[in-house]
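Please look through the sequence and the model below, and then read the report that follows, which goes through the structure part by part.

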Amino acid sequence: AVAEATPGLEYLQKASWRDPIDDAFSVRISYVDHSMFMIQTPGGTEAVTDFNGFIGAVDFLPDVVTMNVAHSSHWTAFPNPDIPHILPGWLQNGQPADYHLELGEMLVRNVTTDIRGSFDGERIKDNNSIFVFEVAGLCIGHLGHLHHEPTDAQYAALGRLDVVMAAVDGGLTVDTVTMIRIVKRLRSSIVLPMHWFSRGSLETFLDGVSDDFAIDRTGATSVEVSLRTLPRRPTVMVLEPRFLSMDD
């Protein structure tokens, strides 16, 4: 693996989502399915992105879930009401979603973007959210179901993202060329591909960024990262999606 041969990538670990995080300055990120990731802190705060109601056959509720409305695979109309914080990323009562949720170990905020509507050329303003999780000194961004390149103002609002989850489906969100341009501009230390429906679209994206990013095919479903062990060269890290299981 690239990670094993490249200095600066020693932080990679394969871990169960139920294992404690021993390093107080690390965060575990697990790829659950499609666009769902779980972010876990050492103190036990858990967030799930683009939550569609099912993360696995587990008796477990995260502390916060974020959702986007472009497709049913990114949200649910019936989230468990026992989840303490449920954050819809689309328009709320006609107004852009606006979150600045402080959870102690984790701050969750959002930057809204537009989505395509039902009619050709229609664009619904501020109806998607890029959610940013500030935790353990890291800024972790989830681009959601992004339908256009962020504007300069949106890039500025995002700020520096150390880790970014980026859709690489090649067209249902943005086309591959546009997503490559986005991740190059963000210049995050770690890019986690998501929302890929075939190995073909994933490989097209990896080929397109390989001159600027190291490629690490981890074979793992989760990774623990910390600010002090981010790779010196920006790296695209391929995690394998897997629903949570009590057997893990």
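Helices (H or I, at least four residues) and strands (E, at least two) are DSSP runs, numbered from the N terminus.

Strand β1 (residues 26-33) runs antiparallel to β14 and is joined to β14 by five bridges. Within this pairing, Ser 26 has Ser 226 as its bridge partner, and Val 27 stands opposite Val 225.

Residues are numbered from 1 along each chain as its sequence is written, and side-chain values use heavy atoms, with hydrogens and water left out.

The pLDDT, which is the predictor's confidence in each residue from 0 to 100, averages 92 over the chain, and 94% of the residues score at least 70. Over residues 1-13, however, the pLDDT is below 50, and this stretch has 27 contacts in the model beyond near neighbours in sequence, a contact meaning heavy atoms within 4.5 Å. Where pLDDT is low, the predicted coordinates should not be read in detail.

Six strands form an open sheet in the order β6-β5-β3-β2-β1-β14, with mixed pairing; two strands pair if DSSP finds at least two bridges between them. Since β6 (85-88) and β14 stand at the edges with a single partner strand each, one side of each is left without a neighbour in the sheet. From one strand to the next, the twist averages 20°, an angle between axes that are lines fitted to C-alpha atoms, for helices over the stretch in contact, with angles running from 0 to 180 degrees between N-to-C directions.

Another open sheet is formed by eight strands in the order β7-β8-β9-β10-β11-β12-β15-β13, again with mixed pairing. Its edge strands are β7 (100-102) and β13 (214-217), each of which pairs on one side only. Inside this order, strand β10 (residues 138-142) and strand β11 (residues 163-167) run parallel and are joined by three bridges, and His 142 stands opposite Met 165 in β11. Helix α4 (residues 199-209) packs on the sheet, touching β12 (190-194), β13 and β15 (235-238), and its direction makes about 160° with that of β15.

## Leu 107 and its contacts

Leu 107 is found in strand β8 (residues 106-116) and counts as buried at 11% relative accessibility. Leaving aside neighbours within four places in sequence, Leu 107 is in contact with residues including His 100, Val 132 and Phe 133.

## Aromatic rings

Rings of Phe, Tyr and Trp (its six-membered ring) pair if their centres lie within 6.5 Å, and planes under 30 degrees apart count as stacked, over 60 as edge-to-face and the rest as tilted. By this rule there are five aromatic pairs. Tyr 31 and Phe 37 form a stacked pair, because their ring centres are 4.5 Å apart and their planes lie at 10°. Tyr 31 is buried, with a relative accessible area of 2%, and Phe 37 is buried too, at 0%.

How values were computed: Predicted model: local features only at pLDDT ≥ 70, side-chain atom pairs only at ≥ 80, totals over all residues. Buried < 20%, exposed > 50% of the residue type's maximum accessible area, 1.4 Å probe, protein only.
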